[in-house]
Amino acid sequence: MAKQKIVLAYSGGLDTSVILAWLKETYDAEIIAFTADIGQKDELDGLEEKALKTGASKVYIDDLRDEFAKDFIYPMFQAGALYEGQYLLGTSIARPLIAKRMVDIARAEGATAIAHGATGKGNDQVRFELTAAALAPELEVIAPWRNETFREMFPGRAEMIAYAEKHGIQVQATAKKPYSMDRNLLHISFESGMLEDPWFDSSAESNEDMYVLSVSPEKAPDQAEYVELEFDKGDCVAVNGEQLSPLQVMEKLNELGGKHGIGRVDMVENRFVGMKSRGVYETPGGTILFTAHRKMESLTMDRDVMHLRDSLISKYSTLVYNGFWFAPERLAVQALVTESQKNVTGTVRLKLYKGNVMAAGVKSPVSLYNPDIATMEADPSQAYNQSDATGFIRLNALRLKVGSGVEQHAKKE
């Protein structure tokens, strides 16, 4: 009888390396390791060999960077997504793509289950499993950190390191970096360790070696740099006149943003599972793209369409953060977003300087800004009669006057 097959989301770190061996031992199963290349760079070096040595029967390392940029990052940025006013959702948006590919592999390999190393206290477990539920409800999901036997076996890192040594698993567990990192094309996040103290100053010069994608604003060039982004229907299609794919745009903007110390965020956020957590993020390219996109919308998007879309930003961001990327409500909101972007076309010029992204000009062939109407001088088009504002104000003031009159009458009684 053929063994059960389990597809494991594998990073090569201590946790997933131990989990790979533990799954194989506990379930007497064939473990297929899967790693998504979504922009981790050198973190992928040697992963296939390591996974096979750890006990995987097969290893997938799939380059999903183009799909990540085109089908996940770009649609999310069209929506203006920003969780709790600060977080550009770099980790959140990657999880549904990873889980989607795991489902594809599971079906291709005839696996009956997928597994992940997400902790039972975090958001990632929800994101992985909601995606699986939406795309392949027939698959079992194995979450070792929610298994009491697993937790008893590995109450801390020392036990995991000992298990790894016993099973000949090579791991790099060190106290030099007492925090966890998650990197992809959009950002890198840092959590846990010394960052669990919200009074800890992540911006201090003594902690500068933690950062990967950017220099500190203090060490950024003293000379500002200008960059032009061209948009077509809400998507950035060129940087400084060079036509680029979504992946190439992100890579180019990450380089520019990192050089100028742009995109660092330190925040305490509200996890879906109910607790607050502190995270530090580097999103250099995303911060530039987010700012440019908003500037482009300001010139080309109808006022009420913009306000309607903006009213959904919090809802949309929360859906992404909580793992509902493939939920019908996110797809419905995305359809509205796509419609709102049909005229978001033109060029934005920005100035990058020491952690700041400043507007330096915007133009569009479909601009809704009319200087003849907006001018404080005489309007040559005569499209706006200032006298009309009298009735406009009077009508809008009516309910305020009525309400005030009622209050004043009540006070007299």
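# Cavities, sheets and helix packing

Q86, Y87, L88, G263, V265, Y281, T283 and T287 line the largest cavity. The model is predicted: local features need pLDDT of at least 70 and side-chain atom pairs pLDDT 80 or more, while totals for chains, interfaces and linings use all residues. Numbering starts from 1 along each chain as its sequence is written, and side-chain values use heavy atoms, without hydrogens and water.

## Cavities and a pocket

On a 1 Å grid over the protein atoms alone, a cavity is a set of points where a 1.4 Å probe fits but cannot get out; a pocket is an open set with protein on both sides within 12 Å along at least five of seven lines, and lining residues have an atom within 4 Å of a point. Points are joined across faces, edges and corners, and a volume is the space filled by probe spheres set on them. By this rule there are 2 cavities of 30 Å³ or more.

In the table, Ala, Val, Leu, Ile, Met, Phe, Trp, Tyr, Cys and Pro are nonpolar, Asp, Glu, Lys and Arg charged, and the others, Gly among them, polar.

| Space | Volume | Lining residues by class |
|---|---|---|
| Largest cavity | about 40 Å³ | 4 nonpolar, 4 polar, no charged |
| Second largest cavity | about 30 Å³ | 5 nonpolar, 3 polar, 1 charged |
| Second largest pocket | about 220 Å³ | 3 nonpolar, 4 polar, 6 charged |

The second largest cavity has Y74, F77, Q78, F231, G234, D235, C236, L289 and H293 in its lining. At least two residues of this lining come from each of α3 (65-78), β9 (235-239) and α9 (284-300); α3 gives the most, with 3 residues. Helices (H or I, at least four residues) and strands (E, at least two) are DSSP runs, numbered from the N terminus.

For the second largest pocket the lining has 13 residues, of which K41, R183, L213, E251 and N254 lie nearest its centre. Helix α8 (residues 246-259) gives the most to this lining, with 5 residues.

## Sheets

Strands pair if DSSP finds at least two bridges between them.

Angles run from 0 to 180 degrees between N-to-C directions of axes fitted to C-alpha atoms, for helices over the stretch in contact, where contact means heavy atoms within 4.5 Å.

A second open sheet has 4 strands in the order β6-β7-β12-β11, and its pairing is antiparallel. β6 (180-183) and β11 (264-270) stand at the edges with a single partner strand each, so one side of each has no neighbour in the sheet. On average, neighbouring strands of this sheet are turned by 25 degrees against each other, direction ignored. β11 pairs with strand β12 (residues 276-282) in the antiparallel sense over 7 bridges, and R264 has E282 in β12 as its bridge partner.

## Helix packing

Helix α5 (residues 124-135) packs against helix α11 (residues 313-322) at an angle of about 90 degrees, with the axes 8 Å apart. α5 is therefore roughly perpendicular to α11, a term for angles of 65 to 115 degrees. V126, R127 and L130 in α5 meet V320, Y321 and N322 in α11. By class, the residues of this contact are 4 nonpolar, 1 polar and 1 charged.

Technical notes: Parallel < 35°, antiparallel > 145°, perpendicular 65-115°, else oblique.
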